Amino acid sequence: MSAETNERRVRAASFGAVADVYERSRPGYPDDAVRWLTGGGHTADEPCDVIDLGAGTGKLTRSLVDLGHRVTAVEPLTEMLDQLRSAVPEATAVEGGAEEIPLAGESADVVTVAQAFHWFDHGPALVEIARVLRPGGRIALVWNVRDESQPYVGELSDAMVGRTGVDTGSVDPIDASGLFGPVERATFSHVQTVDRETLLALVRSRSYCAVLSAEEQAPVLQNVDDLFTAHARHGVLALPYLTECFRATRR
């Protein structure tokens, strides 16, 4: 195992220890984006069978359920699954990973992956995703990325140690796999309003902060707290996001 792969696995596993703050602080996804991922446009399509892979605490899962889809959420970390089951009891929650999806072949119309595709071992994961999709089914990826066109958001990203930009190269394996058609892309915008406690929880929920010791986290959290004091209005801070979406159809 390479050092890079080992580091990725350690960071991915770190979410288990911060599942509660992840659930309390992470933003959801705008309905228009979710409709685009599962259908074709800005109006609701017919309900379909969706596997939400690497579902975490169910941030995307609840939007899929709210739009009427039949959702099976797959997540490897027990702590995250516990949060998901509490937050979205309407979904079927299953423990499992992307590289070995514990579901039958051709059982889904759409496989969604929110904020998680970069954690996967892409080769086996894409084979598994293609296996569980029906002919003509779709893989759909989404990331929330802070909109740094606002200067204070860029300052916040610097203070938070790591940035949330999408590595567009992470979707290259879809093209390279030969299992899917061309990758389409769309961008949507939304705003998360946070108070001081939620912003600090958001920072603690990030993998690059979760793996730090309490001593190492302290200056990071202090810098973010200072930024909140400088830029908040009436006790809240508006965090603008760009929701970057990608989809491709199984061949």
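Which helix lies across strand E2 (70-75) and E3, and at about what angle does it run to E3? In this predicted model, that helix is H5 (residues 78-87), which runs at about 175 degrees to E3. Angles here run from 0 to 180 degrees between N-to-C directions, with axes fitted as lines to C-alpha atoms, and for helices over the stretch in contact. Contact stands for heavy atoms within 4.5 Å.

## Ground rules and overview

Residues are numbered from 1 along each chain as its sequence is written, and side-chain values use heavy atoms, leaving out hydrogens and water. Because the model is predicted, local features need pLDDT of at least 70 and side-chain atom pairs count only at pLDDT 80 or more, while totals for chains, interfaces and linings use all residues.

The protein has 11 helices and seven strands. Both kinds of element are DSSP runs numbered from the N terminus: helices are H or I with at least four residues, strands are E with at least two. Of the 251 residues, 54% count as buried; buried means under 20% relative accessible area, exposed means over 50%, and partly exposed lies in between (1.4 Å probe, protein chains only). Among contacts between residues at least 6 apart in sequence, 75% join residues at least 24 apart.

## The sheet

The seven strands make an open sheet of mixed pairing, in the order E3-E2-E1-E4-E5-E7-E6. Strand E3 (92-95) and strand E6 (184-194) are at the edges with a single partner strand each, so one side of each has no neighbour in the sheet. From one strand to the next, the twist averages 20 degrees. Two strands count as paired if DSSP finds at least two bridges between them.

Let us look at two of the pairings. Strand E1 (residues 49-53) and E2 are parallel, with five bridges between them, and aspartate 49 stands opposite arginine 70 in E2. Five of the six residues of E2 are buried, so E2 is largely enclosed by the rest of the structure. Strand E5 (residues 133-146) and strand E7 (residues 237-249) run antiparallel and are joined by nine bridges; asparagine 144 faces threonine 243 of E7 across this pairing. Helix H7 (residues 151-159) lies across E5 and E7, at about 80 degrees to E7.

Strand E4 (residues 108-114) contains threonine 112, which is buried at a relative accessible area of 0%. Leaving aside residues up to four places away in sequence, threonine 112 touches Val50, Ile51, Asp52, Leu53, Leu60, Leu64 and Ala140.

## Salt bridges

How many salt bridges does a search of the whole structure find? There are nine, each a side-chain nitrogen of Lys or Arg within 4 Å of a carboxyl oxygen of Asp or Glu. Two of them link E7 with E6. Arginine 247 pairs with glutamate 184, their closest N and O atoms being 3.2 Å apart; arginine 247 is in strand E7 and glutamate 184 in strand E6, 63 residues apart. Arginine 247 is buried at 8%, whereas glutamate 184 is partly exposed at 38%. Glutamate 244 meets arginine 185, again with the closest N and O atoms 3.2 Å apart. This pair too lies in strands E7 and E6, so it ties together parts that are 59 residues apart in sequence. Glutamate 244 is buried at 9%, while arginine 185 is partly exposed at 44%.

Aspartate 32 is partly exposed at 31%, and arginine 35 is buried at 18%.

## Helix H11

At 1.5 Å a residue, the 18 residues of helix H11 (residues 214-231) should span 26 Å, and the 25 Å between its end C-alpha atoms agrees. That expected span is 1.5 Å times one less than the number of residues.

Gln217, Val220, Leu221, Val224, Asp225, Leu227 and Phe228 are buried in H11. Their arc around the axis is only 160 degrees, so they sit on the same side of H11; the arc is that of the directions from the helix axis to the C-beta atoms. The buried residues of H11 pack against H7, E6, helix H9 (196-204), helix H10 (207-210) and E7.
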